[in-house]
Amino acid sequence: MFSVYGTSGKILTGGLEQVRDLAPVQAVARTRAVAPTARQGDLTPSTVVLAGVGQGGAGSGMASGASAYVAHEALAAYAGDTQRQVLTQVHQLMSRKLISVMSGAPLRSAMRMMSRAGVAQAPVLGPMGEVRGLVSRGDLTRGLADDLDEIAEMMVIARRLAAPVDDVMWTPVPVAQPDTPLREAAQLLLDLGLPGLPVGDDNGHPIGFLSRSDLLRGMTHEPPLDLWT
């Protein structure tokens with residue numbers, strides 16, 4: 001099961017076919033490409049880092065809840081002598097360290113935060129901590145004309161860095177649920193040309209991120225990965 005979130009909130013909750021065929025998602029996928037994300041360590045409790053203004057209690061509460069949830073999952077799945085189960089669902093393979101950006105934050109702040117964290121994209125969150133979109137480092141140069149001279153290009157990039165992330169983010173964006181089958185998540189990544197999916201709870205609050213590299217890691221380094229159940 002997936003949900004699709006945009007600037008106005010949840011647009012749809014449904015299966016793979018419904019999300020894949022949703023016109024707004026298709027339109028965004030055709031015009032935007034998101035660079036792959038880099039992993040920052042493995043199997044650590046979630047750390048939600050918010051870049052921007054107005055973080056307040058909503059952000060800190062979300063971070064606490066997400067940390068408790070994924071810490072439990074990490075211990076259950078990866079504790080030393082625990083018998084390892086076949087991996088079939090998103091929560092078993094998603095990245096536990098989550099970098100997020102607040103809606104309204106300048107793109108400059110978001111890019112600095114992503115660069116320091118070593119990630120190439122981050123979910124954009126609304127005031128209640130809900131997913132609204134996805135911003136990537138590729139947004140800096142997206143749409144620049146090939147014939148711009150160096151000075152003109154620098155001016156365009158400077159203006160873009162001062163703009164809020166909302167002006168350049170990918171929206172609406174599909175969000176996987178923790179119990180989404182890994183095969184369906186992989187299929188959606190392939191169909192939409194995405195490098196990864198935010199993973200959220202029933203309220204759209206992010207609790208992790210599933211990237212293509214996570215799936216590849218699962219195929220080569222983790223306990224048995226079953227994409228066919």
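Strand 5 and strand 6 (residues 131–136) pair in the antiparallel sense, and 5 bridges hold the record of that pairing in this predicted model. Within the pair, Pro 123 stands opposite Leu 134 of strand 6.

Strand 5 itself spans residues 121–125 and is mostly covered, with 5 of its 5 residues buried. Besides its antiparallel pairing with strand 6, strand 5 is joined to strand 4 (residues 98–102) by 2 bridges, and here the strands run parallel. Met 102 stands opposite Leu 125 of strand 5. On the way from strand 4 to strand 5 the chain passes through helix 4, making a β-α-β crossover that is right-handed.

Helix 4, the connecting element of this crossover, comprises residues 107–117, and its buried residues are Leu 107, Ala 110, Met 111, Met 113, Met 114 and Ala 117. These residues cover an arc of only 165° around the axis, which puts them on the same side of helix 4. After helix 4 comes Gly 118, which has a positive phi, near 75°.

In helix 6 (residues 182–192), the buried residues include Leu 182, Ala 185, Leu 188, Leu 189 and Leu 192. Viewed down the axis of helix 6, the buried residues fall within an arc of 125°, so they line one face of the helix. Helix 6 is followed by Gly 193, and the phi of this glycine is positive, near 70°.

Turning to the chain as a whole, the protein chain has 7 helices and 9 strands. Of its 229 residues, 48% are buried. The accessible surface of the protein chain comes to about 10600 Å², and carbon and sulfur atoms account for 55% of that area. Contacts were also sorted by separation in sequence: among those between residues at least 6 apart, 66% join residues at least 24 apart. The parallel pairing of strand 4 with strand 5 and the buried faces of helix 4 and helix 6 are thus set beside figures for the entire chain, including its 48% of buried residues.

Terms used:
Residues numbered from 1 in each chain as written. Predicted model: local features only at pLDDT ≥ 70, side-chain atom pairs only at ≥ 80, totals over all residues. Heavy atoms only, no water. Buried < 20%, exposed > 50% of the residue type's maximum accessible area, 1.4 Å probe, protein only. Helix = DSSP H or I, 4+ residues; strand = E, 2+ residues; numbered from the N terminus. Arc of directions from axis to C-beta. Contact = heavy atoms within 4.5 Å. Areas by Shrake-Rupley, 256 points an atom, 1.4 Å probe, with all protein chains shown as cover. Pairing = 2+ DSSP bridges. Right-handed = clockwise from strand over helix to strand, strands pointing away.
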